[in-house]
Amino acid sequence: MTIRLAGILAGLGITAVLVFWSLLPGAYNLAFGPPAEKPAYYVFKEKPKAPEGGFSFDGPMGKWDYAQLQRGYAVYKQVCSACHGLKFVAFRNLEDLGYSEAQVRAEAATYNVPGIDPNTGEAVLRPGEYTDYFPDPYPNNVAAAAANNNAIPPDLSLMTKARNDGSNYVYSLMSGYTDPDPEKLAIAQEKGFETPVGLYFNPYFANVNLAMPPQLYPNLITYDDGTEATTEQMAQDIAAFLTWTAEPKMIQRKQTGWFVIAFLIFATGLAYLSYKQIWAGKKPKKK
Ligand code: HEC
């Protein structure tokens, strides 16, 4: 009895010390710390917005919209591929978007990928093949930085996974270039905010000034399926395409989830029945 009591007291004591210890820094900052001064650009900072109507792959019942993925690929090829690579995607993966093998082979051949001249062994560019991965637009980071005002355009294969709320982020970033709101600008400038020469204002980017110039404007490209190429449409399509590149098996994952839940419910039923069975003769009869 006394040992049990001592144990409980010791446990409570340790818990109290740990709780106190974990709250101490917070309490100290609250009492004595300076109020956290947010940098000037916070005046503009926006959370990513979802496109109107959301994405077809949102939610547990989501599905790819293949026409949209194909449009997004067109945006990537005609606009983004000039600066951004897609190194984790192979041409053959494009078959998942609904292209035939012959179409994919023809598509691959429209790219130049680094290769070797079989006769001299020198590095050359050759037409892409079915099994090649998307080539990087620049030979190395130095060249990439030199061509982009010292900023390196990141590879886009996993971009929607690398940013919080990635699909909506890419949509918002690409359609979100604006002039800064004059009222907010006045407040921010008091704190020393400016958009340096060569950078562009975009309230969705981490520090609202980024080195990528605005890319999308109405009717920049012509869609094969006749969809009107508004800025929002293209931004939504490229965001969907980059969601696919980052997680091509997303829909299978969601569908497997349903199957797993159904199986677990079934297994729970079985477990309950066997519990009933095993204990059937063992329980004391009620009098
Ligand atoms: C002229 C070259 C160029 C083109 C074309 C271009 N970008 Fe960029 N992009 C850049 C540069 C440079 C950066 C790095 C910006 C920085 O770090 O300030 C960047 C950064 C990005 C980022 C990362 C932002 C972040 O959160 O770090 C995304 C996403 C992006 N671009 C998407 C696109 C998409 C989608 C397209 C096609 C519609 C595209 N870009 C076309 C140059 C380009």
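I'll go from the ligand to a helix, then to a hairpin and a few loop residues.

Quick housekeeping. Residues are numbered from 1 along each chain as its sequence is written. This is a predicted model, so local features need pLDDT of at least 70 and side-chain atom pairs count only at pLDDT 80 or more, while totals for chains, interfaces and linings use all residues.

Okay, the ligand. It is surrounded by 22 residues, and the closest are Cys80, Cys83, Pro153, Ala211 and Met212. A residue gets into that shell if its C-beta atom, placed from the backbone, lies within 6 Å of the molecule. By type, the shell splits into 18 nonpolar, three polar and one charged. Nonpolar here means Ala, Val, Leu, Ile, Met, Phe, Trp, Tyr, Cys and Pro; charged means Asp, Glu, Lys and Arg; the others, Gly among them, are polar.

Which helix gives the most to that shell? That's α6, residues 166–175, with three residues. On naming: helices (H or I, at least four residues) and strands (E, at least two) are DSSP runs, numbered from the N terminus.

Let's stay with α6. Nine of its 10 residues are buried, so α6 is largely enclosed by the rest of the structure. Buried means 20 or more other C-beta atoms within 10 Å of the residue's own, exposed means 12 or fewer, and partly exposed is in between, with C-beta atoms placed from the backbone. Those buried residues of α6 pack against α5 (159–162) and α8 (231–246), where a contact is two C-beta atoms, placed from the backbone, within 7 Å.

How do α6 and α8 meet? Their axes come within 8 Å and cross at roughly 145 degrees. Those axes are lines fitted to C-alpha atoms, for helices over the stretch in contact, and the angles run from 0 to 180 degrees between N-to-C directions. On the α6 side, the contact includes Ser167, Val170 and Tyr171, and among the α8 residues are Ala235, Ile238 and Leu242. The contact residues divide into seven nonpolar, five polar and one charged.

Now for the hairpin. Asparagine 112 sits opposite proline 127, and glycine 115 opposite valine 124. Between the strands are six residues, and glycine 121 in the turn has a positive phi of about 80 degrees.

Speaking of phi, most residues other than glycine have a negative one. Asparagine 150 isn't a glycine, but its phi is positive, about 75 degrees. You'll find asparagine 150 in the loop between α4 (141–147) and α5, and it counts as exposed because it has 10 C-beta neighbours inside 10 Å. Valine 208, also not a glycine, has a positive phi of about 60 degrees. Valine 208 is in the loop between β3 and β4 (209–210). Is valine 208 buried or exposed? Buried, with 23 other C-beta atoms within 10 Å.

Last stop, threonine 195, in the loop between α7 (182–190) and β3 (200–201). Leaving aside neighbours within four places in sequence, threonine 195 is in contact with Phe201 and Asn209. That's my tour.

Technical notes: Pairing = 2+ DSSP bridges.
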